[in-house]
Amino acid sequence: MSAPTTPRTSPEADRALLADFAAMSAFGATPAGGVERQAATPDDAATRAWLAEWLTARGFTVVHDRVGNMFGLLELSPGAPYVLAGSHLDSQPRGGRFDGAYGVLAAAHAADRLRRHYAQTGTTPQFNVAVVNWFNEEGSRFKPSMMGSAVFVGELPLDTALATTDTAGVSVAEALDAIGARGETDVFGRARRVASYAEIHIEQGRELDKSGTTLGLVDRTWAANKYEIAVVGSQGHTGATAIADRQDALYGAALIVVALRELTERFGEELHTSCGQLNVYPNSPVVVAREVRMHLDLRSPSDELLAAADDALRARFAEIELQADVAIERRFAHTWKGHVYQPEGVALARSVAEDLGVSAMVVRTRAGHDSTNMKDLVPTVMLFVPSVEGISHAEAEFTADEDLCTGVDVLTETLARMLDGALHRSETRS
Ligand SMILES: [Zn+2]
């Protein structure tokens, strides 16, 4: 056990954090206490502008990369690589105010505390620090989710991301240009390197809340298979077309929704399935639907179980095609396997929690995060604070003030140790 290297929080620091969080939550606020700030919309832009002003006022240099990721750079050790910390400011439609936004603000406050700490003590850390707001983590307006971090780590080509369109036909490039968030360089690359990454996020699950634990140390992600499919039938009159003649795309879609749920009965708690979006064409009261587009989502901590569930679903697709006389086409897939976070990152966070006297437990993340991408590039620490009743992607999402404040304390000390080279040193990105 070693003593913390940074000063513990003060009541003023806690108050400033909570006041900033309240100010930030006003952008895109919804009546029931949530926010709606889908990627590159005016409300997302307003939140970004607020953060940029906050960072600039404290000496950070704010820059955007070519896919709209926003960085607040703080050079403490000229020429040295950067430790990145952040999350995402975009939200789901009628989403919660904590998902992502808390992690960005926590990183900003932690980095600013460190800035003042080094200035006061006259010390220089080994690495620099940058706050990051990843573009389009949520994937609600533009698919796939975790887009900005995927481009950053090289898992998604920049041009593919920029050409992606929303349902109105607006491309990512156009949307970023409209809010002035498309930069001209990669920001990080040969000249400026990344050493490691840290992210704090609400748990979006019940493990911490149930057990009364303050901090989650994330050691694994669940694997996910996400599909956009089209169920293609034939348009007809709901009164005049004989049942035997119908190729009702909505009937086929309904069978798929049920099949997804039934998979969880067969595979148990280690499988989560959903159909989160369903668009019916032409969606008219007296017309048999000709086509339904759906977004399906299968997740499991086990790659093997996920593959088996996927096989079972495909077998059901073949049956449903016959039963509803429709064709089921796969349009788009976004998948990731279950992965481990670097054990040294988990160990670092555990030692920080012990030294600060914060209760902690190891948890797996079911949701994807930008850290899911970043851990493939550099040593990564992923932390969770409790979500009351596990509610997320909904306006009722809630995390207690005390947990928000403790999370920033833990992140600050974790970053301090990362800046001193506690994790793998000078990993580079080419
Ligand atoms: Zn999130």
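First, the naming of elements: helices (H or I, at least four residues) and strands (E, at least two) are DSSP runs, numbered from the N terminus. By that scheme V257 sits in helix α8, residues 249-267.

Two sentences on where the values come from. This is a predicted model, with residues numbered from 1 along each chain as its sequence is written, and side-chain values use heavy atoms, leaving out hydrogens and water. Local features need pLDDT of at least 70 and side-chain atom pairs count only at pLDDT 80 or more, while totals for chains, interfaces and linings use all residues.

Back to V257. With a relative accessible area of 34%, V257 is partly exposed. The cut-offs are these: buried is under 20% relative accessible area, exposed is over 50%, and partly exposed is in between, with a 1.4 Å probe and protein chains only. Together with L250 and L278, V257 forms a nonpolar patch on the surface, about 210 Å² of accessible area in total. Patches take residues with over 30% relative accessible area and no salt bridge; like charges are joined within 9 Å, and nonpolar side chains (Val, Leu, Ile, Met, Phe, Trp, Tyr) within 5 Å. Accessible areas are from the Shrake-Rupley method with a 1.4 Å probe, and for residues only the protein chains shown count as cover.

Next, helix α1. It has 15 residues, 11-25, and at 1.5 Å a residue it should span 21 Å; the end C-alpha atoms are 21 Å apart, so the two agree. The expected span here is 1.5 Å times one less than the number of residues. Which residues of α1 are buried? They are A13, D14, L17, D20, F21, M24 and S25. They cover an arc of only 130° around the axis, which puts them on the same side of α1. That arc is taken from the directions from the helix axis to the C-beta atoms. As background, an α-helix has 3.6 residues a turn, so residues three or four places apart point the same way. On the other side of α1, P11 and R15 are exposed. The cover over the buried residues of α1 includes α2 (42-57), α3 (101-121) and α12 (401-419).

Now the salt bridges, of which the structure holds 19. The criterion is a side-chain nitrogen of Lys or Arg within 4 Å of a carboxyl oxygen of Asp or Glu.

One of them pairs R66 with D186, with the closest N and O atoms 3.1 Å apart. This pair links distant parts of the chain, 120 residues apart: R66 is in the loop between β1 (61-64) and β2 (70-74), and D186 is in the loop between α6 (172-178) and β5 (194-202). R66 is partly exposed at 33% relative accessibility, and D186 is partly exposed at 38%. Leaving aside residues up to four places away in sequence, D186 touches D65 and R66, where contact means heavy atoms within 4.5 Å. D186 and D65 are 4.8 Å apart, C-alpha to C-alpha, and 121 residues apart in sequence.

Another salt bridge joins R299 and D297 at 2.7 Å, N to O. R299 is buried at 15% relative accessibility, and D297 is buried at 18%.

Last, R417 and D355 meet in a salt bridge at 3.0 Å, N to O. R417 lies in α12 and D355 in α10 (residues 343-356), so the pair ties together parts 62 residues apart in sequence. Both R417 and D355 are buried.
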